[in-house]
Amino acid sequence: RCIADLTDGFGPWIARRSSRFRRSLRAASSRGESAGLTVEHLSPTPAQIAAVFERILMIEKTSWKTDIGSGLVDTDLGDFTRQMAESFAAAGALRVQFARRDGEDVGYVIGARVDDRYRGFQHSFNQNFPELSIGKLLQFHTIAALAAEGVTTYDMGMHMSYKESYADRIESTVTAIIPKRR
C-alpha cells in the first residue's frame, strides 16, 4: 500500500516531493484555477449519503474506469464502497472531496478517517478534461485538508505507479484465509 506520512504536516510533506512534482502541481493548480476548478470538502452524514453517492456515480460515468468495468457504476465494488460510506458516515469518519467546474462535479475522492489515519477508498474524475489534471489536484487538496485536520497517515491503498509521487513509503499487507475446521 502507498503511504503518505503527514506526521509533521502538509509543509514538510510537500517539501519531500521532487522539484519536478512540485512544479507540475503548481502548473496544474494554475490551469485549474484559470478554468474555474474548485474543490468542495465534505464530511457527509448518513442522511446525505444517497445524494453524495449520486454525485459520485455521475462522475464515475464519465471516467475511464467505467469504460473498463472497474469503477463504481453497477459493480460489486460500487456496492461495497457505498456500504462502507454508510458505515463510516454513521461514525462521522467519512470524507469526500468533489472537484467542480462551472457548477458541475468533475472529480471526487472518497475515504474515511479513523483516529489519525485516513484510508482512501476510491478516486475518479471526468476523462474529458485531461488538461486540468483533476486527479492530481484532488489528491493535493485531499492531502492538505487531511493534514490540517490532524491526520498523520494517508493510506492510499494498493500500490500503483501514479501514487508513488505522493507516497513516502510502501507497506505490504498479507491476508490469510484460514478455513474453519469441521
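This is a predicted model: local features need pLDDT of at least 70, side-chain atom pairs count only at pLDDT 80 or more; totals for chains, interfaces and linings use all residues.

**Exercise 1.** Take the contacts in the chain with a separation of 6 or more, and find what share comes from residues 24 or more positions apart.

*Solution.* Count heavy atoms within 4.5 Å as a contact. Keep the pairs with a separation of 6 or more; residues 24 or more positions apart then account for 68% of them.

**Exercise 2.** Work out how the radius of gyration of the chain fits that of a compact globule.

*Solution.* For 182 residues, the globule rule gives a radius near 16 Å. The chain comes out at 17 Å, so the two agree. For the extents, the C-alpha trace spans about 65 × 35 × 30 Å along its principal axes. As for burial, 41% of the 182 residues are buried, taking under 20% relative accessible area as the cut-off. The chain exposes about 10000 Å², with 53% of that supplied by carbon and sulfur atoms.

**Exercise 3.** Describe how helix H2 (residues 19-34) and helix H6 (residues 134-148) meet.

*Solution.* First the geometry: their axes come within 10 Å and cross at roughly 105°. Angles of 65 to 115 degrees count as roughly perpendicular, so H2 and H6 are roughly perpendicular to each other. Next, the residues: H2 brings Ser24, Leu25, Ala28, Ser29 and Gly32, while H6 brings Lys136, Leu137 and Phe140. Finally, sort them by class: four nonpolar, three polar and one charged.

Note on methods:
Residues are numbered from 1 along each chain as its sequence is written. Side-chain values use heavy atoms; hydrogens and water are left out. Axes are lines fitted to C-alpha atoms, for helices over the stretch in contact, and angles run from 0 to 180 degrees between N-to-C directions. Helices (H or I, at least four residues) and strands (E, at least two) are DSSP runs, numbered from the N terminus. Angles under 35 degrees count as roughly parallel, over 145 as roughly antiparallel, 65 to 115 as roughly perpendicular and the rest as oblique. Ala, Val, Leu, Ile, Met, Phe, Trp, Tyr, Cys and Pro count as nonpolar, Asp, Glu, Lys and Arg as charged, and the others, Gly among them, as polar. The radius of gyration is taken over C-alpha atoms; the globule rule is 2.2 Å times the number of residues to the power 0.38. Buried means under 20% relative accessible area, exposed over 50%, partly exposed in between (1.4 Å probe, protein chains only). Accessible areas come from the Shrake-Rupley method with a 1.4 Å probe; for residues, only the protein chains shown count as cover.
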